[in-house]
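Open the model in your viewer and keep the selection tool at hand. The stops below say what to select next and what is there.

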Amino acid sequence: MKKNIRKILIANRGEIAIRVMRSCRMMGIRTVAVFSDADEGSPYLRHADEVYHIGNSPARESYLDMEKIVGIAKQANVDAIHPGYGFLSENPAFVERVDSEGLIFIGPTADAIRKLGDKTSAKEIAGRAGVPVVPGTVSALTSVPEALRTAASVGYPVILKAAAGGGGKGMRIVRAEEDLEGAFAMAKSEAGSSFSDDRIYLEKYIQDPRHIEVQILADSFGTVLHLGERECSIQRRHQKIIEESPSPAVDDSVRTDLTAAAVRLASGVGYTNAGTVEFIMDRDGKFYFMEVNTRLQVEHPVTEWRTGVDIVREQIRIAAGERLALSQGDVSFAGHAIECRIYAEDSANGFLPWTGRIEHINHPAGPGIRLDTGLENGSVISAYYDPMISKIISWGMTREESLLRMREALRGYEIYG
């Protein structure tokens, strides 16, 4: 059933809130922003039609408080809620709470998020869809002896991962049998404290891997299409910092198999809205399913630039019950795009987050440069949220041209504080 979306609450902050508002304006949709104490006066609030205070600075008392968000949504008389990324974007309980109030959640269903958000469940789904998975356990480990048996069967090194999490939390690489018991205990403990769920599973550790992901869009009429792949192999502490599309390591043959696998997996679970199917690729070009991000990705701009598809606009249209406006044959790819995330971090101290006030910032501009940011002169990088300052995205007809434009943009970026 087609639904009329006239006003959207963005349950997020900073650059992603501005990004969603930009698409809303182009669609004639009014927007509502929320802000915590720490975000009072932030630039993103000026982009919204209405703003509401949501609570204290800690995220659990503001952006993670689903009752406050739903309460403001009702007060503002919105039709839908866009979660952005992070915070409540992959929380199935939040989706159900939004649904219970007759509001539209701009994202996949709670059932899809629950099935794909659990790493072991997602592996089972991938396996049934005929998508290659990394050798290891499908279900969560129950004991150290089980972990030892599995590790012996797949061969060391192995990696322990949290079933309910991501971002490197609850993750341990084990290179020898004598190290497994200690790593098992540490991984379970960290998984429990980070996600309130201490289940872990074990996989063969792929050495010198490439991290490749496929952007998908799916409507409620059964159409699933892909928008190509992105490479996100350059990471720090398991967090992506540089992404590009297309991957320089993927040839046409692998690309065909990779994107078909992503579409097959999404179709098999009845997925709707935007999502990203992530793979790990070994030295020989063999790829294996890793996880599904059931939300908009931080790195979505590189895909938008290559395809010309406004992914946020498509998210809203799908949530409104509309069919995808394009077929797979309509999707075309042009040039090469790169994204660099700019962080407030102390490079002399292990790149730990740095806080403080930005006294001067001069954002780069020029041909083939896009900048997504939520900060300006006088903005404060607080200890409460992610220290990302901005994202620079470059585009060129070739990878070399995109790299040259990115280097020039980085060279001219001035940030003092």
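Begin with charged pairs: there are 42 salt bridges, each being a side-chain nitrogen of Lys or Arg within 4 Å of a carboxyl oxygen of Asp or Glu. This is a predicted model, in which local features need pLDDT of at least 70 and side-chain atom pairs count only at pLDDT 80 or more, while totals for chains, interfaces and linings use all residues. Residues are numbered from 1 along each chain as its sequence is written, and side-chain values use heavy atoms, with hydrogens and water left out.

**Stop 1: salt bridges**

Select Arg341 and Glu243, which form a salt bridge with their closest N and O atoms 2.7 Å apart. This pair links distant parts of the chain: Arg341 is in strand E14 (residues 336–343) and Glu243 in strand E11 (residues 239–245), 98 residues apart. Helices (H or I, at least four residues) and strands (E, at least two) are DSSP runs, numbered from the N terminus. Arg341 and Glu243 are both buried; buried means under 20% relative accessible area, exposed over 50%, and partly exposed in between, with a 1.4 Å probe and protein chains only.

Next, select Arg317 and Glu314, whose side chains meet in a salt bridge at 3.1 Å, N to O. They sit three residues apart in helix H10 (residues 311–319), so about one helical turn separates them. Arg317 counts as buried at 11% relative accessibility, and Glu314 counts as buried at 5%.

Now go to helix H11 (residues 399–411), where Arg411 and Glu408 lie three residues apart, about one turn of the helix. Their salt bridge has its closest N and O atoms 2.8 Å apart. Are these two residues buried or exposed? Both Arg411 and Glu408 are exposed.

To see a network, select Glu213, Arg230, Lys240, Glu243, Glu278, Glu299 and Arg341, which are joined by salt bridges that share partners.

**Stop 2: Glu231**

Select Glu231 in strand E10 (residues 224–236). Glu231 is buried, with a relative accessible area of 4%. Its side chain makes a polar contact with the side chain of Arg210 at 2.7 Å. A polar contact is a pair of N or O atoms within 3.5 Å; within protein, one must be able to donate a hydrogen and the other to accept it, and residues adjacent in sequence count only if both atoms are side-chain atoms.

**Stop 3: nonpolar cores**

A nonpolar core is a set of buried Ala, Val, Leu, Ile, Met, Phe, Trp, Tyr and Cys residues joined through side-chain atoms within 4.5 Å. The largest has 63 residues, and those with the most contacts inside it are Ile5, Ile8, Leu9, Tyr44, Ile81, Phe94 and Leu217. Helix H1 (residues 14–26) gives the most to this core, with six residues. A second, separate core of 28 residues includes Ala112, Ala218, Leu258 and Phe287.

**Stop 4: a parallel sheet**

Select the open sheet of five strands, in the order E3-E2-E1-E4-E5 with parallel pairing. Two strands pair if DSSP finds at least two bridges between them. Strand E3 (50–55) and strand E5 (104–105) stand at the edges with a single partner strand each, so one side of each has no neighbour in the sheet. Strand E2 (residues 30–36) pairs with E3 in the parallel sense over five bridges.
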